[in-house]
Amino acid sequence: MAMATLDTAIANVALPAIAADLHVSPADAVWVVNAYQIALVATLLPLAALGEIVGLNRIYLGGLLLFTLASLACACAWSLESLLVARVLQGLGAAGVMSVNTAMVRFVYPERMLGRGFGHNALVVATAFTLGPTVASGILALGPWPWLFAINIPFGLLAIVIGIRTLPHTPRAVHAFDFPGALLTAGSVGLVVLGIGSAAHKAGPALVVSELVAGVLLGWLLLRRQADHPAPMLPIDLFRRPVFALSAATAICSFTAQGLGFVALPFYLEDVLGRSQVETGFFMTPWPLMVAIMAPVAGRLSDRYPAGVLGGIGLAVLMLGMVLLALLPANPLMADIVWRMALCGVGFGFFQTPNMKALMFSAPSGRSGSASGIVATARLTGQTTGAALAALCFVLADREGATVALALGAGFAALGSVMSFLRMAVASPHKT
């Protein structure tokens, strides 16, 4: 899980070196990141549904094997085209891991310790996210960019050996896998995410609209096809459960707020406050660092207190932190920036684990794979949406775009907080 998380962002640092080595433009090199993300997001739900049929452990191990082999292919790539094919395969492998990862936690930890299990999982993700740029910079200081991908191979092989010996066998559904439905799901989600990404990269309005409309149309066809399916790939049956729907919506709002902050803050720190790149990296660290610290704490608390309350408080703290960042004085002290960043991380970390537990527990155990797929899809969709909205803020407000993006992120955090507290009104405390 740490490797899959690292590879969602680690290639960003290497894009200039990749572009120079393969003799392509920076705009073309960006597809090294986009190809991975689109393949990852588009296949999360189909692989989660397949996991319920063939076993979660098989999808997990198959994804891990493909991710490791694709990492070798990335390291051996000789052109942009070969690298993009390898990155698509790597994204598909990462989807195999991420799609069922949260569900696997449910079958590893005893029920009384599930909050702690989800907290440990969130700790791994947050730590990998925090260390990603540093790890990438360190590897590039020692060797060429292919090493970024080659480093995955020994860890991947070790993880496969451990997984074969230890991952539990999970119950299997009896219905058949809907291959046309899987294609419709991948096409729908992929096109919507591609459209959001195109908007973030300031593509033409016609292209953005056509991608979004095509994605929505495929989604409509999918809903019609799976209207009577016992376990639809896009789990509409689960969204009829109020706690599940509110938990998923809360997750999207929270990760949209985080996406807005993570895109806007570097520009704010460098262009508005005049800080260097090194200082910006230092100032950005407290947020994910505090998420990593708070995730296991919140996990333990979620075994005793309602997730609706914990998540609502956490997102309210995140909202406050983003408001305070938007209201920074013209020449803030180092401490002024650091404690506000840390406050955002505390709030987000306090929310994440209880919300993950609420989302998983509001689905039947037989639909754990689909619920796990929604956990990952909500995270990546929210982050993509946040990045696109941040880009729009810069287009509309120019120099003040970063401040507007932070204010908008605070609004999404506030909306998520309200939806989190609403869970207390639609379910009994032990299910919220």
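In this predicted model, a salt bridge joins the side chains of Arg-367 and Glu-52, with 3.4 Å from N to O.

Asp-237 pairs with Arg-367 in a salt bridge whose closest N and O atoms are 2.2 Å apart. Here Asp-237 comes from helix 11 (residues 236–239) and Arg-367 from the loop between helix 16 and helix 17, so this bridge ties together parts that are 130 residues apart in sequence. With a relative accessible area of 21%, Asp-237 is partly exposed, the cut-off for buried being under 20%. Put together, Glu-52, Asp-237 and Arg-367 make up a network of salt bridges.

The model has four salt bridges. One of the pairs is Arg-225 with Asp-178, where the closest N and O atoms lie 2.9 Å apart. Since Arg-225 is in helix 10 (residues 205–225) and Asp-178 is in the loop between helix 8 and helix 9 (179–200), the pair ties together parts 47 residues apart in sequence. Arg-225 is partly exposed, its relative accessible area being 46%, whereas Asp-178, at 10% relative accessibility, is buried.

Turning to the nonpolar side chains, the largest nonpolar core holds 42 residues, and the ones that touch the most other members are Leu-40, Leu-44, Met-98, Phe-244 and Leu-359. Helix 5 is the top contributor to this core, giving eight residues. Another core, of 33 residues, lies apart from it and includes Phe-262, Ala-292, Met-322 and Leu-325.

Helix 5 (residues 80–108) also contains Leu-92, which is partly exposed at 32% relative accessibility.

At least two lining residues each come from helix 1 (2–22), helix 4 (56–75), helix 5, helix 6 (114–142) and helix 8 (152–166). Helix 8 provides the largest share of that lining, six residues.

Key
Residues are numbered from 1 along each chain as its sequence is written. This is a predicted model: local features need pLDDT of at least 70, side-chain atom pairs count only at pLDDT 80 or more; totals for chains, interfaces and linings use all residues. Side-chain values use heavy atoms; hydrogens and water are left out. Helices (H or I, at least four residues) and strands (E, at least two) are DSSP runs, numbered from the N terminus. Buried means under 20% relative accessible area, exposed over 50%, partly exposed in between (1.4 Å probe, protein chains only). A nonpolar core is a set of buried Ala, Val, Leu, Ile, Met, Phe, Trp, Tyr and Cys residues joined through side-chain atoms within 4.5 Å.
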